[in-house]
Amino acid sequence: MSPIIKVSFLFTLLLLISDVLHAQKEDYYWIMGDRRNQIVFDTSWTPFRLNFNEDPMKFEWMSARPMNFDATCASLCHPTGELFCYSNGMSIDGADDKVLLGADTINYGAFWELWREGNTNIIRNFGFTITQGMLFLPWPGQQDSIFFATIYPDDTFIDINLAKYGIISKSKYVNKGGVKEKDQLFHNGYLKNPIQAVKHANGRDWWVIIADIKNIDYYVYLLNPNGIDLIHTLVIGNLHKGISVGMTYFSLNGEKMVNIDALYWENSTLVSLFDFDRCTGILSNGIFDTIPTYEAGVGIGAIFSPDGKYLYANNDYELYQYDMDATEIKKSRILLDTFDGFQSHPHEYLYFTTFGYWAYGPDGRLYNVSGYGSARHMHIMDYPNEAGQACSFRQHALKIPNNHWTIPNFPHYRLGPLDGSPCDTLGLDNHPVAKYRYEPDSIDYLRLRFTDLSYFRPETWEWDFGDGSPRVTTQHPYHTFSSNGTYHVCLTVSNENSSNTVCRDITLGTVNSDDTQITIADITLFPNPVEDYLLVTLGEYVPAHGQIMIYDITGRAVLTQRIYYGQNSIDMRGLQGGMYVWKVVDFVNPSPALPSRRKGEDVVVSEGKVVKM
């Protein structure tokens, strides 16, 4: 095999969590954003993070963050959801945005220097260039240590990828963490880029999967209390040799694995689908399909629906859906959507928001970032468990700061043991945890759609909507409330081991026109200052007929827009630079013929100031 130059890097960081089945929120912060070569602060290049501890998910600035991201990206939270660390594959920073001791140069060498930013006063390094080049996993049985493994090209700049491991102490160095060992070789060979993992059937250990450059041999490692060991070399793939981009994902129940692989600058994209045995670590029953490749083939992604019924695969311009229950899965493939030509920034080639790389959101949505270099929008699939257009794939749905095809790589942390399997030997049980989200109908705000997000193998569901109506046992119900008010909505999930209940107070509209402030409403603006689009996130309150009003310093209303529960994009491009006052108002008992504003029939939900740059 002739050497092939490769600019890619793979990095895996594996973290211990002492209580396996209570590790729930390790993926609740997504650290993203590209501030490359920016000496002067510019909100369009703002480092940011997505915070899934909130519902709806919120954007947060990370203006103090020095780290830059390319494609390699991962972050890790404590089980309770607080950020612990994050990395771009070249170094590791803590929650304080400062490098962990000993983690400033992971896999340092000539290849590392190739991707180093020259002005170290601004950014320490560019970040490596491979999607799914980093992965965090609990290291079972090691109370205070983080096990991390790296897979990267060696310093000869040819296609020889080395796999190494290291150890970080989680509490050493004043509870900040620090590297104790690094760069210990455990695999040497010609490897493809993505790396993924899935929970072993015992509910504690982890299977770690990598593939060779030809896509024929798949290497199955097991991370256990003693370290990481090669268990299988499986000759099961389909020949697809060359410099590649792509992704690997398991279904959330761990029963299926998909690898999508596009040969760089060639018209060839291969979808490889396998069954997976969580007990033995065996991949089997390979199904192989090809989809077209366009441009450089850099926006290649694949991911399963949360319930495993559907598989989504895309190139830069086309998104497909497969029915995993079909007798012939390849023949079930349908074209779900095509790129609409939208640009995040006019007249800039790299700002096309084509399709790209996926990640599972803790909110049950699937998030997709463009494979082009600087797209400032994300695509969202709201209901991936639904067939065809009902999955609600929304192109460029979410305005974000500049992002260099960065999306973090996570395994599914909320997967327990395979109860009753031969490997269910540790006495760990799946005790279900209840969780849900909701969205109001855009026409009838009193009609809500509820999406179950529970985990650890719930078997039954019971909904109490807090309005005296009969309880419902549907997993994902709709419910129409009779009037405005606050309702205590509870979901109880159960299996043979236990039950768990979660309750949320849901406020629908204002109760009367004497209300002067809806204090329960949670409204955030991002970014502020703003240059073009302002993202307004409204949570904990569903307006009957909400509007956001923007006023200049003279008190003149210069912008009015309807606002809904969730995320709202406000176009600020037509306003002059300066200070503005914003108010979110809601109307009591709105009618279809309601004019834009009637005195005495609206209440102020929240207000504040925003700066237009």
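Analyst: The second largest pocket holds about 860 Å³ of space; bear in mind that this is a predicted model. Its lining is made up of 43 residues. Nearest the centre you'll find Asp 382, Arg 394, Tyr 565, Gly 566 and Gln 567. As for secondary structure, the elements that each give two or more residues to this lining are β25 (377-381), β26 (393-399), β27 (436-440), β28 (447-452), β34 (533-539), β36 and β37 (566-571). The largest share, 5 residues, comes from β26.

Take β36 from that list and follow its pairing. Strand β36 (residues 557-563) runs antiparallel to strand β35 (residues 546-551), and 6 bridges join the two. Together β35 and β36 make a hairpin with 5 residues between the strands. In the turn, look for Gly 555, which has a positive phi of about 90°.

The loop between β33 (522-526) and β34 holds Pro 527. The peptide bond from Phe 526 to Pro 527 is cis, with omega near -15°. There's another cis bond to look at, between Asp 55 and Pro 56, with omega about 5°. Pro 56 sits in the loop between β3 (48-51) and β4 (58-61).

Leaving aside residues up to four places away in sequence, Leu 50 touches Tyr 28, Tyr 29, Trp 30, Met 32, Met 57, Lys 58, Phe 59 and Met 378. In general, nonpolar side chains tend to be buried together in soluble globular proteins.

Strand β20 (residues 310-314) pairs with β19 in the antiparallel sense over 4 bridges. Here Phe 304 stands opposite Leu 311 in β20. Both strands belong to an open sheet of 4 strands, ordered β19-β20-β21-β22 with antiparallel pairing. Its edges are β19 (301-304) and β22 (334-338), each of which pairs on one side only. Ignoring direction, neighbouring strands of this sheet are turned by 20° against each other on average.

Finally, a couple of backbone spots away from glycine. Asn 215 has a positive phi, near 65°, and is found in the loop between β12 (206-211) and β13 (217-224). Asn 215 has a relative accessible area of 0%, so this residue is buried. Phi of Asp 97 is also positive, near 65°. Asp 97 has its place in the loop between β7 (92-94) and α1 (110-114). Is Asp 97 buried or exposed? Its relative accessibility is 15%, and the cut-off for buried is under 20%, so Asp 97 counts as buried.

Technical notes: Residues numbered from 1 in each chain as written. Predicted model: local features only at pLDDT ≥ 70, side-chain atom pairs only at ≥ 80, totals over all residues. Heavy atoms only, no water. Pairing = 2+ DSSP bridges. Axes fitted to C-alpha atoms, helices over the stretch in contact; angles between N-to-C directions. Contact = heavy atoms within 4.5 Å. 1 Å grid on protein atoms, 1.4 Å probe; cavity = no way out; pocket = protein on both sides within 12 Å on 5 of 7 lines; lining within 4 Å. Points joined across faces, edges and corners; volume = space filled by probe spheres on them. Buried < 20%, exposed > 50% of the residue type's maximum accessible area, 1.4 Å probe, protein only.
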